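Here are my notes on the model you sent over. Have it open while you read, since I jump between the pockets, the ligand and a few single residues.

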Amino acid sequence: MQLTSEQQKMFDGEMGEAPAQAMQILVALGKIYNAENLIPVSSVQVSGVSYETIGDAGLEYLQDYVKKSAKVNTLTFLNPAGMDRDQYEKMQVPKEFAQKQIQILDAFQSMGITMSCTCAPYHIGIRPKVGEHIAWAESSAVAFANSVLGARTNREGGPSALAAAITGVTPNYGLHLKENRLANILIDVQATPKTTADFGAMGSYLGKKLKSKIPAFTNLTFAPEIKLKTLGASMAATGSTALFYIKNITPEFKLSDSPEKITFTQEELDSHKKDLNIGEKADLVTIGCPHASLEEIEEVANYLKGKKISNKLWVCTAKKTKLLADEQGYTQIIEQAGGNVVSDTCMVVSPLNQMGYKCTACNSGKAAKYLSSLQKQKVVFGDIEDIILLK
Ligand code: F3S
C-alpha cells in the first residue's frame, strides 16, 4: 500500500502515539481490502458513542486515546449517545449510566470532536457534495450520503472512523471506487408508499431480499428526502445496504451490465407493514429514526395540538434541530400533549430496559428491527396516528 511521506511519518510514530495507532489501524484495514492508498476525507462520523453499546471496554479504549493526546484532524461529529445530556433526569436515565455516558462524551470532546450526536447530520447542514470522500459510520447516514447526496463512503466501524478522524484519511476501497458503485438489482415499484411507516416497511422487506446488493428503483415517483432516509435506514438495517439509486431522483443512477430484476408490490408492502407490528399497547412511542427533521417535528406538533396522549412519547432529533423546534413552539406543543423532544440520543441506543420499558412503538423499519433484537422490546409498528394513543 502506497503511503505519502507524511502518512509514513504518522505510521512510524514521528507525529505522536495516537496518530501512529490510528494510522496502523487504517493500513491494516487497507491491506485486508487491497486498497492501493489512503485518501483524504472531508468529514468523519464516529459511531460507538452510547454506553449502552460500547460499555466499559469502549470507554477505556477512548480514554487510552485521550491519554495519548489524540486530536482529530478533520470535521468530526458523533452518532447518537445513550441519553440527552440536558434532559437525562427528565428521561429517567439511571444515574450510573448517565455518569459513564458523560465520561464517554467528555473523552470525545477532549479530542476536538464537534459535540453533535446525530445519525442525520444532513439535517443540520453537513451535506457532502457528489463525489466527495467522507468516512461515516452510522449505517443509515452512510446509505443517505452515498445515495441521496452522491458522496463516497464505506460503512466505517467505530475504531476505523475514529482513526480516520485522527489522521484525516481513509483506505481507498469499496464504495470510494466508482467500479464498485454499480447497481446489480433493478426494483420495479408497483406500490405507492406514502408515509414514513410505508417507506420503513418497504426498506425492511427489501433489505432482507437484497443481501448487500446495490438496488436501483424504477417507478418510485413520490420520494422526498425525509422518506428516502427511512427507506435507506431500513434497508441498511435488514440488508446492509449502503448505496441505492432511484430513477430521476437520486443525483446518480448507475447500473451494471445485466442487473437482476424484481418487482415490489402493494400486497408485499401491506403485509410486511402488518408483520412488523408484534406488540399491543406501547408504553413508549418513538418518532425520529433516523433523527427527525424540523419538518417532521412540525408534523408531530400539528397532530398533537390541543390533545393529550396516554403513552410516553419521544421525538428524537439533533440538538441543533431541537433548538429550532423550541424557537418555533413545536417542542412546547409536544410537551403540553405529554411528550418530549429529546436530542442527541435515540430509542435504540438508550437504556430502555433499565428504564423499565417493555413495549415500544415506532414508524421506522430500522427501529422496529433493533428495538426487538437489541432492546428486547415488543414492537408496535405503524403510522403516527396509529401508534400515538390519545386520552
Ligand atoms: Fe438513528 Fe438510532 Fe435510528 S442512530 S437511525 S435513530 S436507530
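1. Ground rules. This is a predicted model, where local features need pLDDT of at least 70, side-chain atom pairs count only at pLDDT 80 or more, and totals for chains, interfaces and linings use all residues. Numbering runs from 1 along each chain as its sequence is written, and side-chain values use heavy atoms, with hydrogens and water left out.

2. The largest pocket. Its volume comes to about 410 Å³. A pocket here is an open set of points on a 1 Å grid over the protein atoms alone, where a 1.4 Å probe fits, with protein on both sides within 12 Å along at least five of seven lines; lining residues have an atom within 4 Å of a point. Points are joined across faces, edges and corners, and the volume is the space filled by probe spheres set on them. There are 22 lining residues, and N79, E138, V348, V349 and K366 lie nearest the centre.

3. What the lining is made of. At least two lining residues come from each of α5 (139-149), β10 (284-292) and α13 (365-373), with β10 giving the most, three residues. Helices (H or I, at least four residues) and strands (E, at least two) are DSSP runs numbered from the N terminus. By type, the lining of the largest pocket splits into 11 nonpolar, eight polar and three charged residues.

4. The ligand. Where does the ligand sit? The space it takes is the largest pocket, by the test that more than half of its atoms lie within 2 Å of the grid points. Around the ligand are P80, C119, E138, S140, G288, C289, P290, C346, V348 and K366, where near means a heavy atom within 4 Å. β10 supplies the largest share of this shell, three residues. The shell holds six nonpolar, two polar and two charged residues.

5. The second largest pocket. This one has a volume of about 290 Å³ and 18 lining residues, with N154, R155, G174, L175 and A242 nearest its centre. Its lining divides into seven nonpolar, eight polar and three charged residues.

6. F244. You'll find F244 in the loop between α8 (225-239) and β8 (245-246). F244 is buried at 1% relative accessible area (buried is under 20%, exposed over 50%, partly exposed in between, with a 1.4 Å probe and protein chains only). Beyond four places in sequence, its contacts (heavy atoms within 4.5 Å) include A143, F217, L228, L231 and M235. I214 is 30 residues away in sequence, yet the C-alpha atoms of F244 and I214 are 5.8 Å apart.

7. S116. This residue is in the loop between α4 (95-110) and β4 (135-136). S116 counts as buried because its relative accessibility is 13%. Leaving out neighbours within four places, S116 touches F77, L78, I124 and D344.

8. G306, in the loop between α10 (294-304) and β11 (312-317), is exposed at 87% relative accessibility.

Notes. Nonpolar A, V, L, I, M, F, W, Y, C, P; charged D, E, K, R; others polar.
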